[in-house]
Amino acid sequence: MPRIVDHKERRRQICDVLLDIVAEAGIGSATIREVADRSGWSTGVIGHYFRGRDDLLLGGLRRAAEILAERHTRLLDTLDGVQALEQLLETSVPLDGRRLALARIFFFFFVEAMTDEVLRQEVESYLVAWRKAIARAIRKAQDNGDLSTDIDAKELAKDLVGLADGMSMHALLDQNVMVRLREQSPVRYWLTRLARDPSPERPSPRPAFSRPSADG
């Protein structure tokens with residue numbers, strides 16, 4: 001009797017191997033041949049699920065998004081207040097090997113999405129989902145009395161996600177930042193300062209360029 005293969009699970013397993021390679025050696029080493037060697041499946045089997053290397057990398061991005069979504073759901077279901085917010089923000093900060101892989105593949109596709117509208121929409125959907133999870137955690141922290149109810153959860157979520165992404169990008173490019181980040185993540189510091197300020201005010205927008213005065 002032929003063995004029944006769970007094709008969705010097989011795709012996940014292939015993408016998990018890909019993410020392991022990305023964590024250890026970067027995007028450049030994530031080839032079909034390398035995934036086949038690591039996984040024990042032939043290149044033909046890999047080719048059955050992915051049309052080529054680009055498709056395999058896209059599969060890795062989607063698996064990374066799936067992993068993050070599962071973590072977000074679990075954290076929101078089990079933690080409350082600032083603790084949930086802190087751990088949510090750190091889900092994609094490269095504090096260990098798996099999160100390093102997630103950060104690398106997301107930033108790779110951030111660049112690719114700048115010139116591919118279909119891909120841009122997909123990547124944007126992942127960012128929107130992350131912001132929504134952060135906003136939900138902020139509201140739970142407000143309900144618990146950890147954060148001021150004067151704070152706009154949606155706007156703060158955008159700021160915090162931007163901070164986390166910026167910090168992660170610098171860590172990927174500068175090993176000294178990476179070492180410091182892994183010694184002590186600044187996320188808790190941000191949130192502690194935020195909790196101490198009962199009514200943070202967003203600065204008024206100002207033009208990027210100001211006209212010179214008449215006095216020169």
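**Reading the helix packing**

Tutor: Helix α1 (residues 7-25) and helix α4 (residues 53-78) have axes that come within 9 Å and cross at roughly 95 degrees. The model is a predicted one, in which local features need pLDDT of at least 70 and side-chain atom pairs count only at pLDDT 80 or more, while totals for chains, interfaces and linings use all residues. Residues are numbered from 1 along each chain as its sequence is written, and side-chain values use heavy atoms, with hydrogens and water left out.

Student: Which residues of α1 and α4 meet?

Tutor: Contact means heavy atoms within 4.5 Å. On the α1 side these are R12, I14, C15, D16, L18 and L19, and they meet L56, L57, G59, G60, R63, A64, E66 and I67 in α4. By class, the contact of α1 with α4 has eight nonpolar, two polar and four charged residues, where Ala, Val, Leu, Ile, Met, Phe, Trp, Tyr, Cys and Pro count as nonpolar, Asp, Glu, Lys and Arg as charged, and the others, Gly among them, as polar.

Student: At what angle do α4 and α7 pack?

Tutor: The angle between α4 and α7 is about 10 degrees, with their axes 11 Å apart, and that makes α4 roughly parallel to α7. The contact involves L58, L61, R62, A65, H72, L76 and D77 of α4, together with L119, E122, V123, Y126, W130, A133, R136, A137 and K140 of α7. The residues of this contact of α4 with α7 divide into 10 nonpolar, one polar and five charged.

Student: How do the axes of α6 and helix α8 (residues 153-173) lie?

Tutor: The axes of α6 and α8 come within 11 Å and cross at roughly 100 degrees, which makes α6 roughly perpendicular to α8. L100, A103, R104, F107 and F110 in α6 meet D165, S168, M169 and L172 in α8. By class, the contact of α6 with α8 has six nonpolar, one polar and two charged residues.

Student: How many helices and strands does the protein chain have?

Tutor: Helices (H or I, at least four residues) and strands (E, at least two) are DSSP runs, numbered from the N terminus. The protein chain has 10 helices and zero strands.

Student: How many aromatic pairs are there?

Tutor: Rings of Phe, Tyr and Trp (its six-membered ring) pair if their centres lie within 6.5 Å, and planes under 30 degrees apart count as stacked, over 60 as edge-to-face and the rest as tilted. By this rule the count comes to four aromatic pairs. The rings of F106 and Y126 have their centres 6.2 Å apart and their planes at 85 degrees, so the pair is edge-to-face. This pair links distant parts of the chain, with F106 in helix α6 (residues 97-113) and Y126 in helix α7 (residues 117-143), 20 residues apart. The rings of F108 and F109 have their centres 5.1 Å apart and their planes at 90 degrees, so that pair is edge-to-face. One aromatic cluster is formed by F106, F107, F110 and Y126.

Student: Is F106 buried or exposed?

Tutor: Buried means under 20% relative accessible area, exposed over 50%, and partly exposed in between (1.4 Å probe, protein chains only). F106 is buried, with a relative accessible area of 10%, whereas Y126 is partly exposed at 22%. In the other pair, F108 is partly exposed at 27%, and F109 is buried at 6%. Buried residues make up 43% of the 216 residues in the protein chain.

Student: Which residues does E86 touch?

Tutor: E86, which lies in helix α5 (residues 81-89), is buried, with a relative accessible area of 12%. Not counting residues up to four places away in sequence, E86 touches V187, R188 and L191.

Note on methods:
Axes fitted to C-alpha atoms, helices over the stretch in contact; angles between N-to-C directions. Parallel < 35°, antiparallel > 145°, perpendicular 65-115°, else oblique.
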